[in-house]
Amino acid sequence: MELSTVFQFAAATLLPVAAAMGLYVAEHRTEFGTLPYMVRQVIIGLLFGGIAILGTEFGIQTTDATMNVRDASPLVAGLLFGGPAGIIAGVVGGVERWLAALWGRGMFTRVACSVATIAAGLYAALLRKRMFDNKLPSWSLAFAIGVVVEVLHLTLVFVTNMDNIPRAFTVVRACAPIMIPCNALSVALATLAVAILAKIKLHKAPPDRELSNSIQAGMLIAVVVGLVVTTMFTAMIQNNISELQTESLLKLNIEDVSADVDDALNEKLLNDTRKVARYINSVERAKTLKMDEVAQQFDVTEINVIDKTGTIVASTYDRFIGFDMASGAQSKEFLVLLNEDKKEFVQSYRNISYSDAEQRKYAGVVIDGGFVQVGYDAVDFQKAISEEVPEAVRNRHVGESGGLVIADATGIVYGSQNDAGTETLRQTGLADALNTAHPGEVFVATYYDTPVVAMYQLAEGYRIIAFQPVEEAQFSRNVAVLVTEFMEIIVFAALFTVIYFLVKRVVVDNIHRVNRVLGTITAGNLDASVEVRSNEEFSSLSDDINTMVDALKRAIAEAAARIDAELEYARTIQSGALPRPMEPNPQRDGFSIFAQMDAAKEVGGDFYDYYFLDDNHFAFLVADVSGKGIPAAMFMMKAKTLIQSLAETWLPVDEIFTRANNQLCEGNEAEMFVTAWMGVVELDTGHVVYANAGHNPPVVGTERGDFEYRKARPNLVLGGMAGIPYRIYEMDLKPGDIIFLYTDGVTEATNAQNELFGDDRLVESLNRHSKMAMEDLCNAVHKDVDDFVGEAPQFDDITVLALRFEGRK
Amino acid sequence: MDINLEHVGTRLTVTVAGRLNTGTAPEFEEKLIPALKGVEELIIDFADLDYISSAGLRIVLTSQKIMNRQGTMVIRNVKPEIYEVFEMTGFVDFLTIQ
């Protein structure tokens, strides 16, 4: 192929690719993309139709056919841009190809080309909609589609030219190796180019592969394997058939020629014999004639005259006279002429009865009183053959362009199509192959440089060789294999498509639908239900899922109701465990107090407690258990009871904490702990002893608004580590002093800006509300915290305790 | 919250960044406690820790108890606000804070 032709093909292949890239960019990066869908489709369709026309009009002429890359355009339009575009491009390209026959484009493939181009557009549109869901196919699948459409195209060349299969075969054989790869490559490259422009990942990691992709890949492998296997089988079977056909064709021709030559030789010898017989006329007359002279007169070598007894009575050879014909197998055959019913007899060239060393061909004709036998010796025979053979071979053909050669043992050709006579087997090129071949077997040779399949047979002293060009001998096989292969590609493609559609429609789509609903269910919408009812299996799956979701919904509702009820009980128990708000008489008791616990959940981990130890000593504490919910609430109950029971034994606060800590550490598998601040105030004097187990420091102040933290180095939280001692601290309250205890739910309350309420805001809040009664003070501080937090969610319990010391009057 | 564990022989260095509260503490516990097996020297680096709640304190307490049995535990680079929490809860008494 010339370089310019290669460039031409490359250009024709790349044109649709370039157009696809340009249009993709136009559609996604320019205002072209804002046009209505159908308008864009028509424009794209017409453009690719135009490229298809270019393909037709600038087809590439080779000796056997005109080739073009036309079908790629509607495929690219349909697969990459949309069904309507593909159909329009196909129709434009196909109709133009039909009309183009009017101005000189090939008539022979007119129907096939037009139909194939329109089919390409329709096929692409169908695949895009049904198989690829309007997404880009993979480039490998695009390539396969290109192959299938071109195969369909070339098969149509056969189908539409059934009356001229040889020409169709020539055209297809020339086109297939170029047009199939060019068109397929064009579609694949266009797909790849657009995919790169769209930045689609072409190779997904295996775990992410969609089911439909796996099916596509699996089926593609199965189809390719099936194709290869069946092609091999077909080729093998067709090869066998074709060999058998060739063998019988060659054999038949050899037999025919052999019979022709025999007939001619027999007839020639009989003719001579008849003439001699007519001349001799009778046995009696023969005895009067000199046979040498007769032989000379009729130009034959040997004449024998045999009487009724089967004895030679006259002969050109004196030694034969008196020979009894019945005495030898060869001569005995002629005795049939002594019967009434047979007048003539011819024998093949063979050893004679008289002497094993001599070979003759005889004919006999009846005369009065016996018969005349005329014989050819070797020289006569060869002469006769050389006269008769050319005629027998000259107009004979084996198949379309095969022929026959007849040669003697020395390799001189007597007859062939070449009308030679001086030709030798060596010249024809058959000589070497003949030497190694056996008679009646097919062998491969060359005849004047044409590869041929040949066969030879030995006849009477000569060889008959029949041959047929290999190409012609294998023509039917090649056509059969090609057509079968094409049909298989089309059938497999159709199977692939249909099975894929079915699997997708029956399984994949349904799985996607089920998955979508399951997605909304797992996202929390338990009211969604699966309704995929296109077949029994999915219908039953839908029912099962719905039943399960319903059961789950019921179970959740029941569990929620039970937990709600149990939590409500726990809450009641917890709040029951906290002391009732007491209404101390400030004049009589010397103080007033208020405390409240506001749990973030139903039950909390905070607690407060207060009780008289005797008339003059009042204990009060605030504590915070690490953790939340039921576990914290249970730990809180344990801590509260423990502290109270220790307090009632008149232990000092540091000892209460030391012992409580040791007991809380025992069996504390959950590693919980509690911070606590506990004080005991002597009501007569305002003297307070207190201990702090890792708790926030109290705030102390008066109604003048002079609150400040009363910090003393805390000990470790209770329940943290056994065996540690707790320190005791003291302070004195003057009448009018307020001591405010709280948990970190107050100081660490957080607003939407992630700011903490903090120590300063607490002091500021207390100062602002310092003139209030204790209950109002607690509520006001709580309200300030609530206002600060606003809409932000709260996770911690909030506990406050306020005690105002008045002093007993 | 970012948690990073680095083993060198029997020494384990743990860095924690962000907020150690009720929400993030379970993750810290799941990573730290199993990793303590065989550790003889535990270093906890709180340089980038902004906040610690009682749930976080609980894990510090648990690991201190474990390390009391099998080696030493040191807490490093504690920010003032975190130190304040350790102080207020009395943790400073039994933690080794550098």
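In what order do the four strands of the open sheet in chain B lie? They follow the order β1-β2-β3-β4, with mixed pairing. The legends below take a closer look at this sheet and at other parts of the predicted model.

**View 1. The open sheet of chain B has four strands with mixed pairing.** At the edges stand β1 (2-8) and β4 (72-76) of chain B; each has a single partner strand, so one side of each is left without a neighbour in the sheet. On average, and ignoring direction, neighbouring strands here are turned by 15 degrees against each other. Look next at strand β2 (residues 11-20) and strand β3 (residues 41-52) of chain B, which run parallel and are joined by nine bridges. A handy landmark in this pair is Thr15(B), which stands opposite Asp45(B) in β3(B).

**View 2. Chain B meets chain A.** Chain B brings 13 residues to the contact, and chain A brings 15 residues. On the chain B side, the most comes from helix α2 (residues 54-70), which gives six residues. Sorted by class, the residues on this side of chain B are six nonpolar, five polar and two charged.

**View 3. In chain A, helix α2 packs against helix α3.** The angle between helix α2 (residues 37-57) of chain A and α3(A) is about 155 degrees, and their axes are 8 Å apart. That angle makes α2(A) roughly antiparallel to α3(A). The crossing of α2(A) past α3(A) is right-handed. From α2(A), the contact takes Ile44(A), Gly45(A), Phe48(A), Ile51(A), Ala52(A) and Gly55(A), while α3(A) supplies Ser73(A), Pro74(A), Val76(A), Ala77(A) and Phe81(A). The contact of α2(A) with α3(A) holds eight nonpolar and three polar residues, and no charged ones.

**View 4. Helix α3 of chain A also packs against helix α6.** Here helix α3 (residues 72-81) and helix α6 (residues 139-159) of chain A form an angle of about 140 degrees, with their axes 11 Å apart. Why do α3(A) and α6(A) count as oblique to each other? Only angles over 145 count as roughly antiparallel, and the angle of about 140 degrees therefore leaves α3(A) and α6(A) oblique. α3(A) passes α6(A) in a right-handed crossing. To find the contact, look for Ala72(A), Leu75(A) and Leu79(A) in α3(A), which meet Ala142(A), Ile145(A), Gly146(A) and Val149(A) in α6(A). Six of the residues in this contact are nonpolar, one is polar and none is charged.

**View 5. An antiparallel open sheet in chain A has five strands.** Their order is β10-β9-β13-β12-β11. The edge strands, β10 (413-415) and β11 (443-447) of chain A, each pair on one side only. From one strand to the next, the twist averages 40 degrees. Strand β12 (residues 450-458) of chain A runs antiparallel to β11(A), and five bridges join the two. Within this pair, Thr446(A) stands opposite Pro451(A) in β12(A). Helix α12 (residues 378-394) of chain A lies across β9 (403-408), β10 and β13 (462-469), running at about 60 degrees to β10(A).

**View 6. A stretch of chain A to read with care.** The average pLDDT of chain A is 86, and 96% of the residues score at least 70. Over residues 203-207 of chain A, however, pLDDT stays under 50, and the model has one contact beyond four places in sequence for this stretch. Where pLDDT is low, predicted coordinates should not be read in detail.

Notes
Residues numbered from 1 in each chain as written. Chains lettered and ligands numbered in written order. Predicted model: local features only at pLDDT ≥ 70, side-chain atom pairs only at ≥ 80, totals over all residues. Pairing = 2+ DSSP bridges. Axes fitted to C-alpha atoms, helices over the stretch in contact; angles between N-to-C directions. Contact = placed C-beta atoms within 7 Å. Nonpolar A, V, L, I, M, F, W, Y, C, P; charged D, E, K, R; others polar. Parallel < 35°, antiparallel > 145°, perpendicular 65-115°, else oblique. Left-handed = near helix turned anticlockwise from the far one by under 90°. pLDDT = per-residue confidence, 0-100.
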